[in-house]
Amino acid sequence: MKRIFLLIATNIAVMVVLSIVCSVLGVDRFLTAEGLNLTMLLAFSAVFGFGGAFISLLMSKFIAKYSMGARVITAPQNDTELWLVQTVTKLAQRAGVGMPEVAIYDGPPNAFATGARRDASLVAVSTGLLQSMSRNEVEAVLGHEMAHVANGDMVTLTLIQGVVNTFVFFLARVIGFIVDKAIFRTERGVGPGYMITVIICQIVLGILASAVVAWFSRQREFRADAGSATYLGQPQSMISALRRLGGLETAELPESMKAAGIAGGKLSSLFATHPPIEERIAALQGRDPSASF
């Protein structure tokens, strides 16, 4: 969960910064000098939209380590750390990917995997997860995270983010141009109303676009659960881990996403990066999500 929210938060921040830079360098003024050049605007939006997404991806490991206070295990200091490294090594071999960095961070039960490449990823687990689950359950969670790495979910997610970023950049400037001309009555070029509207629209549209990314993330969770079951040769450990998570108080969202209003409220299901645990268990059991268990 953390890796998705961190990527989205970083991506929105990068987009806003790139917009300000474009304004300072006069790119927006060039695009609107003789009216809005939609062809050039679309090309510009694609370059900066995908650029922002890939910058976020390249920064993902650093951001995750810094924001979560994750400590990479370079030399195991106890039996638990040694077991973690050995388990991830085994799972990486089964998944056919390079050995990732293994880290531990303090916090409620959670885990994440991130990184720009399958063979240079980071897998981290919280102290809360290690304390509240059996080793079989932790292994299943690690298998889930390794499946994300093996499936290339972060790269695919970045490509999807690039597409939605392109539309956000494009639509924000079209709306800004219309508002500037219709409401602020700017006759030549664009005025302050354009830039203000663009920034507001980019933040709002960026948050709404994250619903598309969240939908994709929910689909990937089912696949990662199945991947864990495949690596372990049975689904019971993953089912047990999910049931355990269902009864635990997991880590809260980062403050940056709370401020954006993504968590909580009637719209929370639209922005949920994970399906309900009952549906995930039902998928592993191969039966209808509405069935009792």
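Predicted model: local features only at pLDDT ≥ 70, side-chain atom pairs only at ≥ 80, totals over all residues.

Student: Ok. At what angle do the axes of H3 and H7 cross?

Tutor: Roughly 140°, and the axes come within 7 Å. Helix H3 covers residues 38–68 and helix H7 covers residues 153–182. H3 and H7 are therefore oblique to each other.

Student: Which hand does the crossing of H3 and H7 have, left or right?

Tutor: Right-handed, as H3 passes H7. By class, their contact has 17 nonpolar, 8 polar and 1 charged residues.

Student: Switching to the sheet. What's the strand order?

Tutor: The order is S1-S2-S4-S3, in an open sheet of 4 strands with mixed pairing. Strand S1 (71–72) and strand S3 (111–114) are the edge strands, each pairing on one side only.

Student: And which helices pack on the sheet?

Tutor: H3 is one of them, touching S1, S2, S3 and S4, and its direction makes about 155° with that of S3. Helix H4, residues 79–95, also packs there and touches S1, S2 and S4. The direction of H4 makes about 140° with that of S2.

Student: Back to the strands. Do S2 and S4 run parallel or antiparallel?

Tutor: Parallel, with 5 bridges joining S2 (residues 101–105) to S4 (residues 122–126). Glu101 stands opposite Leu122 in S4, and Ala103 has Ala124 as its bridge partner there.

Student: What about S1 and S2, parallel or antiparallel?

Tutor: Those run antiparallel, joined by 2 bridges. Val72 stands opposite Ala103 in S2.

Student: How many bridges do S3 and S4 share?

Tutor: 4, and S3 and S4 pair in the antiparallel sense.

Student: How many residues of S4 are buried?

Tutor: 5 of the 5, so S4 is largely enclosed by the rest of the structure. S2 is mostly covered, with 4 of its 5 residues buried.

Student: Which way do the S4 residues point?

Tutor: Leu122, Ala124 and Ser126 point one way, Val123 and Val125 the other way, and all are buried. In a regular strand the side chains alternate between the two faces of the sheet.

Student: New topic. Where does Pro276 lie?

Tutor: In the loop between helix H11 (268–271) and helix H12 (277–285). Pro276 is partly exposed, with a relative accessible area of 42%.

Student: And how far is Pro276 from Arg218 in space?

Tutor: 9.2 Å, C-alpha to C-alpha, while the two are 58 residues apart in sequence.

Note on methods:
Residues numbered from 1 in each chain as written. Heavy atoms only, no water. Axes fitted to C-alpha atoms, helices over the stretch in contact; angles between N-to-C directions. Parallel < 35°, antiparallel > 145°, perpendicular 65-115°, else oblique. Left-handed = near helix turned anticlockwise from the far one by under 90°. Nonpolar A, V, L, I, M, F, W, Y, C, P; charged D, E, K, R; others polar. Buried < 20%, exposed > 50% of the residue type's maximum accessible area, 1.4 Å probe, protein only. Pairing = 2+ DSSP bridges. Contact = heavy atoms within 4.5 Å.
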